[in-house]
Amino acid sequence: MNEGELRELLDFGVGLARGAGEITLRYFRKKFDTRRKANKTYVTEADLEAEAFLRREIAARYPEDAILGEEEGAREGTSGRRWIVDPIDGTYSFVHGVPFYGVLVGVEIEGEPSVGVIHMPALGETAYAARGLGCFLNGEPARVRETRTLEESLVLSTDFGSCEHYGFGRAAEELQRRAGHRRTWGDCYGYLLVATGRADVMLDPSMNVWDCAALLPIVEEAGGTFTDWQGQRTIHGGNAIATNGLLFEEVMAIVRSARAE
């Protein structure tokens with residue numbers, strides 16, 4: 001795929017995410033229908049309407065592309081491209097009126113995560129990237145920051161406490177102990193902060209592919225790393241760690257050592 005085609009996909013993806021974000025803002029901090037899914041996570045009428053919008057627009061523009069969404073599942077395609085969308089990443093925040101939720105739009109090309117958009121509707125921030133084209137925040141180039149030791153770093157997680165449940169408790173404790181600072185500015189916003197040089201490490205012990213697909217190209221194009229807790233570059237690992245790149249080996253050494261104990 002040439003640069004022009006990638007730019008077209010990226011521009012369309014940014015527009016999609018912003019359109020879905022406008023839908024979510026019509027519900028944000030207002031009364032709306034909410035229910036719990038089987039896994040105890042929330043789904044709202046805003047999720048459903050925003051995903052329906054995303055799928056409808058993609059199908060109209062790229063009818064041969066596959067689509068995978070959190071709420072409506074998979075639609076097969078024949079083009080070698082797959083759009084992977086999450087209409088509201090951080091639904092817990094959304095339901096509670098907290099602005100740390102985002103719309104995620106990712107594109108796989110022949111299985112490679114190649115385009116990513118994180119749009120934070122209530123914050124007015126949009127990070128986006130395509131393979132080889134760089135990472136941007138609201139139109140300006142974005143890069144990770146050059147923090148070289150954990151003692152100087154800011155480490156984030158959606159929920160440090162849940163790491164124990166998924167078998168990463170000791171690793172999370174040690175990373176928190178070594179970090180200069182730690183916060184729970186979580187869900188997709190944490191990865192946006194790493195990619196834009198405002199944090200250094202982001203941890204999640206449980207992730208789905210629609211949580212990850214947009215994040216990998218954004219973090220990598222900003223100069224960072226996006227892997228699972230085994231250190232493998234993937235969106236299919238079931239969990240995720242993003243770093244500024246310079247801290248990757250130190251972070252993974254702690255994770256491996258903790259899991260070996």
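**Helix packing**

Author: The helices, like strands, are DSSP runs numbered from the N terminus, with at least four residues of H or I for a helix and at least two of E for a strand. This is a predicted model, in which local features need pLDDT of at least 70 and side-chain atom pairs count only at pLDDT 80 or more, while totals for chains, interfaces and linings use all residues. Residues are numbered from 1 along each chain as its sequence is written, and side-chain values use heavy atoms, with hydrogens and water left out.

Two packed helices are described by the angle between their axes and the distance between the axes. Axes are lines fitted to C-alpha atoms, for helices over the stretch in contact, and angles between N-to-C directions run from 0 to 180 degrees. H4 (residues 169–178) packs against H8 (residues 248–260) at about 140°, with the axes 8 Å apart. That makes H4 oblique to H8, the class left over when angles under 35 degrees count as roughly parallel, over 145 as roughly antiparallel and 65 to 115 as roughly perpendicular. Arg170, Ala171, Glu174, Leu175 and Arg178 of H4 make the contact with Glu250, Val251, Ile254, Val255 and Ala258 of H8, contact meaning heavy atoms within 4.5 Å. Elsewhere in H4 lies Arg177, which is exposed at a relative accessible area of 58% (buried is under 20%, exposed over 50%, partly exposed in between, with a 1.4 Å probe and protein chains only).

The other pair is H1 (residues 3–27) with H2 (residues 45–61), packed at about 155° with axes 9 Å apart. That makes H1 roughly antiparallel to H2, and their crossing is right-handed. From H1, the residues in contact include Phe12, Leu16 and Ile23, and from H2 they include Ala50, Phe53 and Leu54.

Arg55, also placed in H2, is buried, with a relative accessible area of 11%. Its side chain reaches the backbone oxygen of Gly73 at 3.0 Å. Not counting residues up to four places away in sequence, Arg55 touches Ile67, Leu68, Gly69, Glu72, Gly73, Ala74 and Arg75.

Technical notes
Left-handed = near helix turned anticlockwise from the far one by under 90°. Polar contact = N/O pair within 3.5 Å; in protein donor to acceptor, adjacent residues only side chain to side chain.
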